[in-house]
Amino acid sequence: MKIYNYIFYFIILLTFYSPFAIGQQKLLQGFVYDITTGLPLKDVKIQGNNQIVSTDIKGSFKIPMTQDTITLFFSSVGYLSKNQKVNVFDEIRIGLTQDNIYLDEVVINTGYQKISKERSAGSFVHVNQKQLESISGNTIIEKLDGILPGLYFDKRNYDYLTNDDNSILRVRGINTFSSSTANPLIIVDNFPFEGDLSTIHPEEVESVTMLRDATAASIWGARAGNGVIVITLKKNNLSAKPQINFSSTIQVTEKPYLMRIPEISSSEFVDVELYLFEKGHYNNAINGSSAFRTIFSPVVQALYDERNGRISTVELNQIISKSRNVEYKEDLYNRIYQNRIQNINHINLNQNFGKHEISVSGGFNDLIKGGTKNFNSKNQAFSVSLRHKYNITNKLSLQSYFRYSINNEATPDLLYYPINPGGTRSRMYPYLELFDDYGKPLVVPKDYNQAYKDTIGLGLLYDWSFNPIRDSETSKHFTKSNLFHPNLILNYNLKSGWDMEVTYTGEIGASGIGSNYNIESYYVRDLLNRYSQINNGKLIRAIPEGGILTRNNTSITANKLRVLGRINEEISPKIKLSGVLGWDLSDVNSTRSSSTIYGYDSYLMQSKPVDHISRFPLLIGGTGTIPNGQSFGRSTRRLVSFFGNAAFEYNNKYIINLSSRRDASNVFGAKSNELWNPLWSAGVAWNIHNENFLNEISAISFLKLRISQGHSGNLGGGTTSDRVVISYATSDSYTGLPFATVSSPPNTSLKWENVEMSNIGLDISLFSNRISGSLDYYKKSVSDLISDEELEGTIGFTNIKMNIGRLEGRGFDANFNFQIFQGFFKWNLGTSMSFVKDWVTHYKGTQAATTIYASNAERSIYPVVGRPLMSVYSYKFGGLDGQTGEPLGFKNGELSKDYANILRDSLHNLNYHGSATPLYHGFINNQFSYKSLSLFVNMTYRGGHYFTANSINYLNLYNSWTGHSDFSKRWQKPGDEKTTNVPSMIYPANTSKENFYAYSEANVHKADVLRLQRVALSYRFQSKFLNKHYVEVGLHINNIGLLWKAANVDTDPDYNIIPPSKNYSANIRFNF
Amino acid sequence: MNRYIAIFLLFTVFFLSSCEKFLFERHTSSITNPKSLQDLQAMLDAGNAINYGKFADLHEVLNDDFFVSETWFNQQTEFDKSSYLRLKSNFDLTSERAQWRDPYRVIAIANTILEEIPKVSGEDIVFRNSIKGSALFLRAFTFLNLASIYCKTYDPKSAKLDLGLPLRLSTDNTIQSVRSNLEETYQRIEKDLIEAFQLLPIKSTVQTRPDKSSAAALLSRLYLMMGRYEDCLDFSNKSLEISSELLDFNLLNAYLDYPIPIMNIETLFLAYPDGSFIIFNARGGVYIDNDLVESYHEDDLRKTIFFKSEGLGLHSFRGSFMGNYLSYFNGLTVSEVLLNRAECYARLGNVQSAFMDLNRLLSFRYKTGELIPFSQTNTLDVLDLILIERRKELLNRGTRWTDLKRLNLDPKYAKILRRKKPGGSEIFELHPNDSRYVFQIPQSVIEMTGMKQNP
């Protein structure tokens, strides 16, 4: 096996550099400290007597002497170097001054080692603690939006109901055909993090580094294909005096902007109903045999009642005019919803006791007011962590970190908008009345016709009515989770610059999601009623009386071990060598179980058994088995990796980086693991500012050229097996038997997807950091993409997965920082721009129906050669017919209304607009400060892409009551076609026509936007009295809104339906 | 320091020795290679991949039992529209999947199971035989389903020259698909079924699993299609010896939307096709031929159990053996076997027995005591009568098209099918033995394999 070779090299390397024997000499001992803080400095290089040594953790060093006096040269990153003549008999205490040029010097954590940015050829971007603290956010990832250059947040899955972000992160585009593996790898404290990132309190994060090119990322090998984000937790500046850091935030989130959802108004909706009634649209349904399963709105019901003489015309008109003026959305917004208030706290205590360094932190988040009035929602998160470093000897240290977090959430059945009434409708009619004139909550239609509900049961059934406001309190949805995260590092310092480290990290977590519906809830009453039979006036129930409890428990156990050796050696004063060599082992297990319990009594904690096997006749017709929520699952991901990297630096000018890694996993079989070649990368960098010819030009304080090339991998979607792979599922819908389906035919050929990236970059700093920044151009070529290869239909298996897809891409990342004013009044401008363009070059999989490209390719991956992975297509639109107001398309190049055939036209006749993801995106951040007062204004922009806006769909309007505000712009009379593209209302609606218009170019718009993301104002109290301590207060506003958009429609192209509400927070931070 | 290197090495060696095993663990518990007979049985129990909606029904779009409204017609795909009007048309992706790929996938599952049986553990020989028999049954059932669409009626005189199906008997996707002749196709179906009949248990616990009664019933269907009446009689008897119970329509609740319960005693093997949306009647607009509805006697309970009045003298079908809105059922039932046997008796001259079988069936369909038993005295021709009753009983049960095809060989029963274009006046005709009785194979399959297209 190849891995044996690595061990061999490792032994060679270790023996080659093993320390040389040192003769019996006088030893000079000394101590180096920071002149401003007085704290000991470690890793300070001391040269003299042809020796190089460095200080240990306590700042002390020993150097052999052959004479009594000698001049020693002290150097350390971030400090001014110093020559000092010393005498062996003196007590030697050397103070070093911080080098102001290096104050902003960035130390980057790749997850395997910390390196100075100056000494790497890789492309990194970095956000430090100060920047992270200047903005507010509930999770660390949320904070990075608009702050970390080149990181793109795709927010099109944002859910305004739950306020769930659901963002998908992208670094330099998408590098896989499988959307499930398209996320960047996230590292927390040196290991990939498997759990929920929201369990990490944002206050605990020290810095975030993003690894963009191959030299930076390929150390992470087969999982780095979509970029790597490294989160480093705070280690604290430990001093001998105890320190306390405290922060507290009150956050207010406005209720969702329901009024901004573009919908048809109640009055227009009533007009549509009158029109449809005239056309006889409801006749079949109201007279048909399934009328009991269909909900009719009060207006339609009244129209029939009036026709049948049950109510008078006057009464009908009263109902109609009343309905025109009610919008239940307003009721929900004004009477039910409220602003959410959250309290977020964090405290940290730390102290250095010499041998022991201890830091204790605690976080507590609490929901003070939930999103709806009167209903008790609970959402608490609590975390505690202990960080301890024990310097066992001068050379051996043990660092441990333990974190335990608990989240506890309980909510009633929240009244989300829109209410789904069932009964063949998907949305409630807009003029629903939630309250009567006295403010009493009302019964609303649900699932079946109310008349049917009232009569079918002969009074024996449970009340079948649905009162949404009352019902909210009858069920409880809870989420409980906890995570224990231990991390142990044993470090042995072999000699100066030589370390050996064994790290163990684990994640042991469990979470339970469930719902407790009590017997009064509509959910239980409805289910029990449906599974009932009335025979000879007697009621027989298939499901026992009582509540229903559903539970879904998952647990995760991750164990990871890493053994590595690290060197950081100056071979000669001019040549420096640093590197890492080691192996990683990771085993991530997750299990899942779910169940549904009937006849549940939450007070006595009792349940009743049910028969999940027999089929029972249903009251509403047909038969069914009692829903069985039981299921179990387990997944295991194991990964073994060998890695190594090395950096050579000559004369502080020339740098060579090499890295290599080999992974094996249990996802692809043993055969693929053997076939898999190591991933490698190489990079060179040239610190031009250290060249003599630039010494003359004082304007240039830093100039570095970087070139890198290398490979990283991606898991892709697929499994290998030399035999058929089957996948079990719980139970068959008719027989209730467990069953297995063929998930893939035998396939032994799969391996990792291969991302090759070449990068050329320039880092520059001018006029003593007044202008600084970096510019990167890259080229990526992704091959071996796992993609479906279409098989001939007779074979039976439609596709087989093969590594056949290919993708190309180009792009650049630029970020610059301008210190426009310095002094009392400071103005700092930070900008970033990232550009990425990628296109498929090879794809042989199934081609979907043309409509799929027009409807779905915008949000899901549908590869087409020559196009980006997510693209916007549309049908050519020929305006509206001047006589009828119907939309016109093109067939064989001529205007046509043959919608069914237009929809089926071939893909190359579709309009291709462009990418659905931005070609360029970035931010413009202004930081103003006057003395201790500072103002931060964060703006983001994205552009070059397209989106399809929603519009009116008459089929949905007629049948499922989903309307759109475009209705009022519809064509109504000849001549309107000159001013509108919205088709006329025609009955009956035609599915093909509606789909044609929905996906026609009339609804495609440019998606370019400029957004004001955040504004933050903060003031820091710092006086002589407080010494180095401070108190800081801040006011933040997030999600402020769009400043500009290219499209002339009432939609925010970045979000689904409506953007998130504004969120205000006030915070205070102490440091003592 | 060497001490520490030694420790490091020890670690490494320890770790390497367990590395292979460490990476052997499968990554998802529900995903596995078949290891046991139970695993193979679970594959057979995947109704959603086999019994439910995975068979072809293209032929049923052409039969003469139903017609559709103009509204419903206009909502259909071009493919369904032209099939309905008995015109040749090109498959779209959806119909190609439903009418060719899905049935061949069932065959691929059967082939997979046949290949996996020798590789899995399990001592129980009865269980092992039952799995093998089930796979063979499924393969035969699907081949027969496809042969009735893409091949001519079996005629012993020309079967060796007529085009058959591509007979895929292995999962190896490198083997080229080639069409066999019709003789080979029917021989394969017969051979698989005879073997299945020997291997299968007498009666299975659920009707989605085949057993001896359903294998014999399918053989009975096969021999009837081939015109081998003695063999048909033989296997009809074998099936009825095991299961002959009939559903008494007097005991059904006619007030239910769908009065016939799913998995009733008459069902021998449960299966339905679900490819052609046009014959799917859940939303209305699919009506049963008025003359056919009228042909049911007033005392015949099927008149109310099978049909729902839709006003204007139109009737939709609600007598599905799936107990729901799914109109077509192409599984096997006792009533079908009984009618097969009656027809064989009639054709072989045993008129007495033919009447007995027919009267037995009808006594379960008519109001109790209202049936005047048919006999030679009140009937002109027993075979005529049986064929009429066959159409009335097996409505929407997947046999009409094959009956039309085989009866066309006999000039006495050959029929010209006529269909009016919904909303138009044009009449489309289909003459007996028209080439359109045999459907075209999807063009993509022809292009990728080079196999011969039907005329």
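## Close-up views of a predicted model

**View 1. A strand pair links the two chains.** In this predicted model, strand 34 of chain A pairs with strand 1 (residues 31-32) of chain B. The pairing is antiparallel and spans two bridges. Within it, A:Ser727 stands opposite B:Ile31.

**View 2. The interface of chain A and chain B.** On the chain A side, 73 residues are in contact with 67 residues of chain B. The two chains bury about 6300 Å² between them, 65% of it on carbon and sulfur atoms. In chain A, A:Arg723, A:Tyr734 and A:Thr794 lose the most area to chain B. Together they account for 12% of what that side buries.

**View 3. Polar links across the interface.** The rule finds one salt bridge between chain A and chain B. B:Glu78 forms a salt bridge with A:Arg904, with the closest N and O atoms 3.8 Å apart. Nine residue pairs are in polar contact across the interface. Several elements of chain A give two or more residues to the side that touches chain B, among them helix 1 (2-16) and strand 22 (475-495). Strand 30 of chain A gives the largest share, eight residues. The residues on this side divide into 38 nonpolar, 24 polar and 11 charged.

**View 4. Strand 7 of chain A.** Four of the five residues of strand 7 (residues 92-96) are buried, so this strand is largely enclosed by the rest of the structure. Five bridges join strand 7 to strand 1 (residues 26-34) of chain A, and the two run parallel. A:Val32 stands opposite A:Ile94.

**View 5. Helix 18 of chain A.** Buried residues of helix 18 (residues 991-998) include A:Phe996 and A:Tyr997. Their cover includes strand 41 (889-891), helix 16 (899-903) and helix 17 (954-960) of chain A. A:Asn990 caps the N-terminal end of helix 18, with a side-chain oxygen 2.8 Å from the backbone nitrogen of A:Ser992.

How values were computed:
Residues numbered from 1 in each chain as written. Chains lettered and ligands numbered in written order. Predicted model: local features only at pLDDT ≥ 70, side-chain atom pairs only at ≥ 80, totals over all residues. Heavy atoms only, no water. Buried < 20%, exposed > 50% of the residue type's maximum accessible area, 1.4 Å probe, protein only. Contact = heavy atoms within 4.5 Å. Polar contact = N/O pair within 3.5 Å; in protein donor to acceptor, adjacent residues only side chain to side chain. Pairing = 2+ DSSP bridges. Buried area = accessible area lost by both parts, 1.4 Å probe. Salt bridge = Lys/Arg side-chain N within 4 Å of Asp/Glu carboxyl O. Nonpolar A, V, L, I, M, F, W, Y, C, P; charged D, E, K, R; others polar.
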